[in-house]
Amino acid sequence: MNAHQIVEAVLFASDAPLTADEIARADETLDEDRVEDAIRFLQAEYDDAERSFQVVELAEGYQVLTRPEFAPYLERFDNVPRPSRLSGPALETLAIIAYRQPLGRIEMEYIRGVGSAGVLKTLQDREMIEVVGRAEGLGRPVLYGTTARFLEHFGFKSLEELPRPEELPIILRERVQLGPEEEVEEAEADSDQLVLGEGSEATASVSSDEPDPNVAQAEETPSG
Amino acid sequence: MDLTVAEGAAPREGFLLVEVDRFQGPLDLLLHLIRTQDIDVFDIPISKITDQFLQAIRGIQAHDLDGAGEFLEMAATLVRIKAQMLLPRTEEEEDEDPRAELVRRLLEYEQIREISARLSAAEADRARRFGKGFNPPRPRRPVAETPLETTWEEVWEAALRVEMPEPRLRQHRVATRTVAMEDKIVLILDALRDTTRVEFTGLLRGFEEKIHGVMTFLAGLELTRRRILFLRQSSPFAELWIYRREDEEEGGDPEDIRPPEEEGAAQA
C-alpha cells in the first residue's frame, strides 16, 4: 500500500477537513511531511486525470471537494448538503470578530452602531463563533472568536488568508487598522493623530462671527 | 413602519431622499449621506449632515423604538458635535477636532463593509464546492385515510395535531483510534509464543491509559472468536488468564491447562 493510497482513503471517507497530523495517524509509516507529499501527489494526479474533485486545503486541514464548475449539476439534488448563506448583518459581525478577536458584545455594538445580541447568538448557533474568554473588568463580559467552521464555511485555509487591511481600497486605511494584535496598537496610536480639516464653511463662519459665551461656559462647567 | 421620507422633501438644496429601511444602522446611513454627496470624510460639514440625518430619520415611528434608538443616539451625537464645532477653540492646538472620533468610526465601518463584501464573495465561491455527506431525505408521514366529507372543525383539529419534524443534524468524522486492536493481537500472540498461558494484567504492564486495557481485552475476545486462544477467569474480578488453544482440536479439553493454583475455583 502506498502512502498516497492510504491518505486518499482517509480523505475519501471524511466529510470534514482533516489536518495532516490527523491523517498521519492512519499508519505508523506516515508523518505530517509524508502526508503533505502524498496530498501533493494526489492533487497532481487528480488534475492530470481531470477528476471532478480536488484535495482542497481548508480550515488548517484537507478535504476532498468537487470542483466549482460541477456545482450546477449537484445543485439539482435536494439531498446534497448546501450551507445556507449568512445575512448582511451576520457577515458584518463576523468580519469584525475575524479581525478583532477576541472581542465582546459592547465593543461590537459600538463598531457597528447597532444592537448585536441577536446576530451574535445566531452566529454562535451556527458555530461560526464561540466564546473564547472573558474580559477583565465589570461583569467580566464574554469575548468571542471565530471557529474552524468559520474557515470551512468561507473556504479559508487559515485566518491568514483573510484579506489584509492594506489590500483594501479604502482611503487612509493605515489610520484605522483592523489588523492582528501587534498592528492594532500602532493603529490606535495613529488614530489619535487624525488631523481634520478646518470646520465646514457654514460652521466655521458661525463660530468666528458669533462665539456664544453661554455655550462656552456650558462646556467648562462639566469638566470642572 | 413608514420610513420613507419622501413627502415635502424635494425642493431644498442639497437635500436627499433616503429610505432608512435600507440601512443596517446609523453608521450605514451616515456613510451613505457622505459618500453619495462626495463629501470629504475628513472635513464633514457637520451642520449640513446633521440636518440631512435628522430629516432622514424623521419617519421612524415610535413603535420601532428598538431600531429607532440607535438612530436617535447617532442624531444626539451629531447635534453634540455640531454644538462643539460652534465653540471657539481657544485652548491648546492639540485639542482634538470634535469630529475625529466620528470620522474614525465611519472609516472603520466602511472598511468592515468592504471586508463583509469580500467574505460574501468567498462564501459564494466556497458554496460551489461540495464535500461528502448528504441531507437525510425528509421523512414521509404515512398518508392517513381521510373521509371525503369533512368539516372545518375537523380540519382545524387536524391542523392542531401537525407537528414539525425535528431537524436532524448528522455529521461524521474519520478519527483514528489511538491504540489499535491489531497491535494488541500481536502483543498477545507474542506473549503466547513460548508459553501456553499468560496473565491479562501482565500484558498491560508499561501501558498507562485505560484504552490499552480495553483494546487488549477486545483483542483477546477477537482471538477467542478465531479459536486461537481462550480466556479463563476463576471468579469475578479475579485475574484473567489467556490460554493458547492447542492445535486445532475442537474437542481439546481446556481443563487440562488451567493454572494449578486456581483449579478449585475454576471448576466451581
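Here is the tour, with something to select at each stop.

**Before you click**

This is a predicted model, in which local features need pLDDT of at least 70 and side-chain atom pairs count only at pLDDT 80 or more, while totals for chains, interfaces and linings use all residues. Residues are numbered from 1 along each chain as its sequence is written, and chains are lettered from A and ligands numbered from 1 in the order in which they are written.

**Stop 1: the two chains**

Colour by secondary structure. Chain A has 11 helices and four strands. Chain B has nine helices and three strands, and along its sequence they come in the order α-α-α-α-α-α-β-α-α-β-β-α.

How much of each chain is buried? A residue is buried if 20 or more other C-beta atoms lie within 10 Å of its own, exposed if 12 or fewer, and partly exposed in between, with C-beta atoms placed from the backbone. By that rule, 29% of the 224 residues in chain A are buried, and for chain B the share is 22% of 268 residues.

Now for contacts: two residues are in contact if their C-beta atoms, placed from the backbone, lie within 7 Å. In chain A, 43% of the contacts between residues at least 6 apart in sequence join residues at least 24 apart. For chain B, the share is 59% of the contacts with a separation of 6 or more, counting residues 24 or more positions apart.

**Stop 2: helix α5 of chain A**

Select residues 88-100 of chain A, which form helix α5. The expected span of a helix is 1.5 Å times one less than its number of residues. With 13 residues, α5(A) should span 18 Å, and its end C-alpha atoms are 18 Å apart, which agrees.

Is this helix mostly enclosed or open? It is largely enclosed by the rest of the structure, because 11 of its 13 residues are buried. Among them are Leu91(A), Leu94(A), Ile97(A) and Tyr99(A). Show what covers them: the list includes α6 (105-112), α7 (117-125) and β3 (129-134) of chain A, and also α4 (100-126) of chain B.

Zoom in on Ala95(A). Leaving aside its neighbours within four places in sequence, Ala95(A) touches Ile112(B), Ile115(B), Ser116(B) and Leu119(B). A nonpolar core is a set of buried Ala, Val, Leu, Ile, Met, Phe, Trp, Tyr and Cys residues joined through C-beta atoms within 7 Å. The largest such core has 64 residues, and Leu94(A), Ala95(A) and Phe53(B) have the most contacts inside it. A second, separate core has eight residues, including Leu203(B) and Ile242(B).

**Stop 3**

Axes are lines fitted to C-alpha atoms, for helices over the stretch in contact, and angles run from 0 to 180 degrees between N-to-C directions. Angles under 35 degrees count as roughly parallel, over 145 as roughly antiparallel, 65 to 115 as roughly perpendicular and the rest as oblique.

Select α1 (residues 26-36) of chain B together with α4(B): their axes come within 10 Å and cross at roughly 95°. That makes the pair roughly perpendicular. Show Leu27(B), Leu30(B) and Leu31(B) on α1(B), then Arg105(B), Leu106(B), Tyr109(B) and Glu110(B) on α4(B), to see the contact.

Next, select α1 (residues 3-13) and α3 (residues 32-48) of chain A, which pack at about 80° with their axes 9 Å apart. These two helices are also roughly perpendicular to each other. Residues in their contact include Val7(A) from α1(A) and Leu42(A) from α3(A).

**Stop 4: loops**

Which residues does the cis peptide bond join? Pick Gln101(A) and Pro102(A), where omega is about -5°. Pro102(A) sits in the loop between α5 and α6 of chain A.

Move to Glu50(A), in the loop between α3 and β1 (53-58) of chain A. Glu50(A) has a positive phi of about 55° although it is not a glycine, and it is exposed, with 7 other C-beta atoms within 10 Å.

Ala59(A) is buried, with 23 other C-beta atoms within 10 Å.

Finish at Arg164(A), in the loop between α8 and α9 (181-192) of chain A. Its C-alpha atom is 9.4 Å from that of Tyr99(A), 65 residues away along the chain.
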